[in-house]
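Dear colleague,

Please find below the structure that I am handing over to you. A summary of the findings follows it.

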Amino acid sequence: MRSSHDQVAQALGNEILSGVIAPGAKLPQEAEILARFGISRTVLREVFKTLTAKGLIVSKTRVGTTVLDSSHWNYFDADILAWKVSQGFDMAFLRDLAEIRVAIESAAARAAAERRTDEDLAEMRRHLAGMRDATDSARDFAEADLQFHKAIGRASDNALMRSLSAVIETALMASFRMSSPVNEAEEHQTSVRGHAQIVDAIEAGDGERAARAMRDIIGHGVSRIEKSTAKRRK
């Protein structure tokens, strides 16, 4: 069960991200927010601290609390990404996520080829098998896919890469909501083959091939979503 702090932070965060409270606008007076959510002043202060840390607002004495421009928002923050997903995705933002994934995950795959352990490989193979077996469940495929990519992050032995898993998770979950490889047998097989090429390259210690295979699988996912979106618009 979420705390009142989390609920209020999410409600205000969603209103900021969606533009209900536009950049440059001031948040309602404290008394109005307290009455709306039925919370204490202490909880509200903590909410403001949370939203400030995420780059959404700034508070100044005798000025009030103002919503910051989106250039200040921390899109690597797990909450902001989750709130963004809950509002629905446009292709522009999905492409932004894909570009970040290519930068992060290609480097992670390259590093994993140099530093992976036998246990890391076994974990990747296990999740790959889960993807292969998930022929009629988009949810099972998505979970196995997510764990596969997280395993590569761990195998990279780079703490910063592992800490960016929220970006990967958000991108994958959003993409599967828009289009899952499981929806078509050929797409499912293509995705499994692409992921197999990544782990094969990592096992062979070929960092460049692993990075290239990672770029290819991310790019293929974006292309699949673009095609699916175009079909729905017809």
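The domain bounds used here come from an automatic or database domain assignment. For the protein chain, that assignment gives domain 1 (4-72) and domain 2 (89-233). The C-alpha centres of domain 1 and domain 2 lie 35 Å apart.

Please note that this is a predicted model, in which local features need pLDDT of at least 70 and side-chain atom pairs count only at pLDDT 80 or more, while totals for chains, interfaces and linings use all residues. Residues are numbered from 1 along each chain as its sequence is written, and side-chain values use heavy atoms, with hydrogens and water left out.

A nonpolar core is a set of buried (under 20% relative accessible area, 1.4 Å probe, protein chains only) Ala, Val, Leu, Ile, Met, Phe, Trp, Tyr and Cys residues joined through side-chain atoms within 4.5 Å. The largest such core has 39 residues, and M124, F141, F148, I152, I198, I202 and M214 are those with the most contacts inside it. At least two residues of this core come from each of α5 (91-115), α6 (118-133), α7 (138-155), α9 (165-178), α10 (185-204) and α11 (207-233); helices here are DSSP runs (H or I, at least four residues), numbered from the N terminus. The helix α7 gives the most, with eight residues. A second, separate core of 20 residues includes L12, L51, I57 and W83.

Leaving aside residues up to four places away in sequence, F141 is in contact (heavy atoms within 4.5 Å) with M131, A134, F176, P181, V182, H188, S191 and V192.

Technical notes. Buried means under 20% relative accessible area, exposed over 50%, partly exposed in between (1.4 Å probe, protein chains only).
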